[in-house]
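Subject: Handover of a structure and notes on its contents

Dear colleague,

Please find below the structure that I am handing over to you. My notes follow it, and I would ask you to read them with the structure open.

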Amino acid sequence: MFNFEGQRVLVIGGSSGIGRAAAQAFAKAGAAVTIASRSRTKLDEALATIGSTARAAVLDTGDVAAVQRFFADHAPWQHVVISAAQTPTGQVRKLSLDDAHAAFDSKFWGTYHVAKFARIEDGGSLTLTSGYLSVRPNTSSVVQGAINAAVEALGRGLALELSPVRVNTVSPGLTATPLWNKLAEADREAMYRNAAERLPARRVVAAEDVANTILYLAGTPSATGATVLIDAGGAIA
C-alpha cells in the first residue's frame, strides 16, 4: 500500500472511468486530490465518490490558453495523471478526416498541452494513458493505435526532458468503464464475457486495476520512462 499522505495530486479525466478510479485510490492513500474534466456535472457527481477533501476544476485540455492559465494559477503538484480523451473511431478509409484530426487533438495534443505547461515538483510524477491498440491493432481502430503509440513515444522522451520529474505511461486493454455504457447491457456483458474467455486472466481489465498501476508508478521513485501494459494477458493470448 503506497502512502501519499498530504501530497497534491491532479487527475485530469478524473470524473469517470479510469481517472475516477485513480482519484479514489489516491484519496484513500491520503493524497489531496483535485479532479479535472470538461463537464461540471460529471465532476460534481464524481466528487461524492472520492472524499470530502477532494476538489474539482473544469478544464478542457484542448484549450491551450486554459491549460496554461490553470497551471500558472496553481502551486506545483507532486503527481499529475492524464486519462482524459475522446477519440472517434472507425476504419481509415471510412473515418472522416475531421474525426481523425479530432481524435489526435483530444488524446495526443491534449496530453502534449498538459506536459508542456504542468508544474510538477522534482521527484514527482506525470502519468500518461495510452492503450493496448499501440501493440495489438485492429482494422476498426487504426487511428487509435497510432495515437497510443505516439503517446507512449512522447512519454519516453518526456522522461528524459523533464527529469527529475518522472514520466510513465499506462496502457490498458479492454477495460470495463462507463465508456461502454452506450451499448445495451446484454451486449456489453456479452462483449466482456467473450473477451474474458480469450484472455489468460479470464477477465477483462477493471478501472481499479489500472488505478493500482498508476499508484505504483507514481509511488515508485525509480519508475520512469516506462510503458506498463495491463491487458489481462491479451498481448500474449
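I begin with a contact between charged side chains: those of arginine 136 and aspartate 231 meet in a salt bridge, at 3.8 Å from N to O. A salt bridge here is a side-chain nitrogen of Lys or Arg within 4 Å of a carboxyl oxygen of Asp or Glu. This pair links distant parts of the chain, 95 residues apart: arginine 136 is in the loop between strand S5 (120-129) and helix H5 (142-161), and aspartate 231 is in the segment after strand S9 (227-230). Helices (H or I, at least four residues) and strands (E, at least two) are DSSP runs, numbered from the N terminus. Arginine 136 is partly exposed, with a relative accessible area of 32%, whereas aspartate 231, at 7%, counts as buried. For these words, buried means under 20% relative accessible area, exposed over 50%, and partly exposed in between (1.4 Å probe, protein chains only).

Two points on the source should be kept in mind. This is a predicted model, in which local features need pLDDT of at least 70 and side-chain atom pairs count only at pLDDT 80 or more, while totals for chains, interfaces and linings use all residues. Residues are numbered from 1 along each chain as its sequence is written, and side-chain values use heavy atoms, with hydrogens and water left out.

The other salt bridges

The structure holds three salt bridges. Side chains of opposite charge can pair when their charged atoms come close. Another salt bridge is formed by arginine 203 with aspartate 209, whose closest N and O atoms are 2.5 Å apart. Arginine 203 has a relative accessible area of 39% and is partly exposed; aspartate 209 is partly exposed at 23%.

A buried arginine

Leaving aside residues up to four places away in sequence, arginine 166 touches several others, including His79, Gly123, Leu217 and Thr224. Contact means heavy atoms within 4.5 Å.

Strands and crossovers

Strand S2 (residues 32-37) is mostly covered, with five of its six residues buried. Strand S1 (residues 8-12) runs parallel to S2, and five bridges join them. Two strands pair if DSSP finds at least two bridges between them. The bridge partner of valine 11 in S2 is isoleucine 35. From S1 the chain crosses through helix H1 (residues 17-28) to S2, in a right-handed β-α-β crossover. Right-handed means that, with the strands pointing away from the viewer, the path from the first strand over the helix to the second runs clockwise. S2 also pairs in the parallel sense with strand S3 (residues 55-58), over four bridges, and alanine 36 stands opposite alanine 57 in S3. S2, helix H2 (residues 40-50) and S3 make a right-handed β-α-β unit.

Backbone details

Most residues other than glycine have a negative phi, and most peptide bonds are trans. A cis peptide bond joins serine 163 and proline 164, with omega about 15°; proline 164 is in the loop between H5 and S6. Arginine 202 has a positive phi, near 60°. This arginine 202 is in the loop between helix H6 (185-198) and strand S8 (205-206) and, at 56% relative accessibility, counts as exposed. Alanine 232, in the segment after S9, also has a positive phi near 60°, but alanine 232 counts as buried, at 18%.

Yours sincerely
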